[in-house]
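User: Can you walk me through a few features of this one? Keep it short, please.
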Amino acid sequence: DNGLYLSGDDAAALRGTPLEGMAAHWQAQVEEDYAALGEAGALGGAWEWVTLEAYTWALATIVSRFVTVRRRGVDLKVMAPGFDLLNHDPFSQTFHGFQDANDCLHIVTFKDLAAGEEVTLNYGPLDNTKLMLFYGFALSRNPFDRAQVWATMEEEAENYAMKRQVLQQRGVEFSTAPFHVSARESPQELIAALRVQHAEDDEMPRLHQALEGRPLSSRSEAQVLELLEGALSAMEDAAAGDMEEDEARLRSWGMLPDSVQTEDGGTWRERHAVLYRFSYKSLLRGCLEQSRGFLERSMARAAVEEAAQRGEVAAAVLRPALMQMGGVGELLRSVERKGLRVRALVMPVADPGQPPCLAPEGSPKGILVVQAPEARAMLQQAAAGPLEARRVRLVDDGEALREVLDAYHQDICGMPQGMGEDVVEA
């Protein structure tokens, strides 16, 4: 049931995923190899008894059942009855190896096993695409799951030669190899490459910053985020299936963590096809979420540095958690140490029970923005204190918050229109 047998409705269920293309390429390669072996007279006259179907079955068996062991200094492909029935678990503490002393394949575990407990084996650090391609199944929890993202650059791009040279010196060959991304961390190598590829003329002398994990500018970070959002969203949209519907089906089949099977249905291939494409889309969304958080913080830091270099005024966006920890004053001091004057405090508030005194004593008058409608009474109290009531506005969603920041961009930040999000974030 691996990728060599993916066809028809099963292939259609995986349209737009990496597995679709890899399985098609592998199948074509097998047919080409089979024809070449026949032309070369493999097995003498006996090759005419080997059909393409038999050849494909034999290859699928080798890939899914054999393991590689080192016996007396030589790597060998081995099939051991019983051993090839062990299921895969990426967290397994069971390992295999060949011992020359008794010429036997050994299975060793480093955990206590209860009677009746399944013995599993770790097949290796395989993502779900490789598991589906070689073995015909996917995992709902796969710590090795990755997706491939290409970030190519046209030769006509400005400063192409210098940018490519800088990336190649760091071992980044974007034209021949994709970048691998996961749902658990932002793709630092991909972000660095995009920073370099899309650097403008005035940023070229600072390309080393991008490769050291530092932003070139707030403009650059905004562009990289836009590129990643476009690429990852397009990859998700291209894949077959609706994520919410797939999740409901998987839960009814008991194939997701903490789910209980409530109905039978679907063949093995269908169930794992649905699980694979759901996991693939979840991975892309997770990667985007990680990247967005990282780049928005990086963008804000870059905006502060740029404002400090210009000697302009900064605005501070404070999270409720920071206010509860008494960190407002420290934030103001840290910003002012950069040579900035703070004229406004923008405070998203979620808890109406917070103390009404939102700004520290002696802080400048400014604008208070809250996101919770329930905080209206608190807002009125706060407005009577260190804030000017006529400049207070209630905001109920993120879009309105951006509008407020943009509307006051000159008065608060001294930043260009559209830079409302690029403020100091704590």
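Analyst: Handedness comes up below, so here it is: a crossing is left-handed if the near helix is turned anticlockwise from the far one by less than a right angle, and right-handed if clockwise. This is a predicted model: local features need pLDDT of at least 70, side-chain atom pairs count only at pLDDT 80 or more, and totals for chains, interfaces and linings use all residues. Residues are numbered from 1 along each chain as its sequence is written, and side-chain values use heavy atoms, without hydrogens and water.

User: Which crossing do H2 and H3 make, left-handed or right-handed?
Analyst: H2 passes H3 in a right-handed crossing.

User: Which residues make the contact?
Analyst: From H2, they are Trp26, Val30, Glu31, Asp33, Tyr34 and Leu37. From H3, they are Leu52, Tyr55, Thr56, Leu59 and Val63. Contact means heavy atoms within 4.5 Å.

User: And what is the angle between H2 and H3?
Analyst: H2 and H3 pack at about 120°, with their axes 10 Å apart. Axes are lines fitted to C-alpha atoms, for helices over the stretch in contact, and angles run from 0 to 180 degrees between N-to-C directions.

User: New topic. Where does Leu43 lie?
Analyst: Leu43 is in the loop between helix H2 (18-39) and helix H3 (52-65). Helices (H or I, at least four residues) and strands (E, at least two) are DSSP runs, numbered from the N terminus. Phi of Leu43 is positive, near 60°.

User: Where is Asn159?
Analyst: Asn159 sits in the loop between strand E7 (147-149) and helix H5 (160-169). Asn159 has a positive phi of about 60°, although it is not a glycine.
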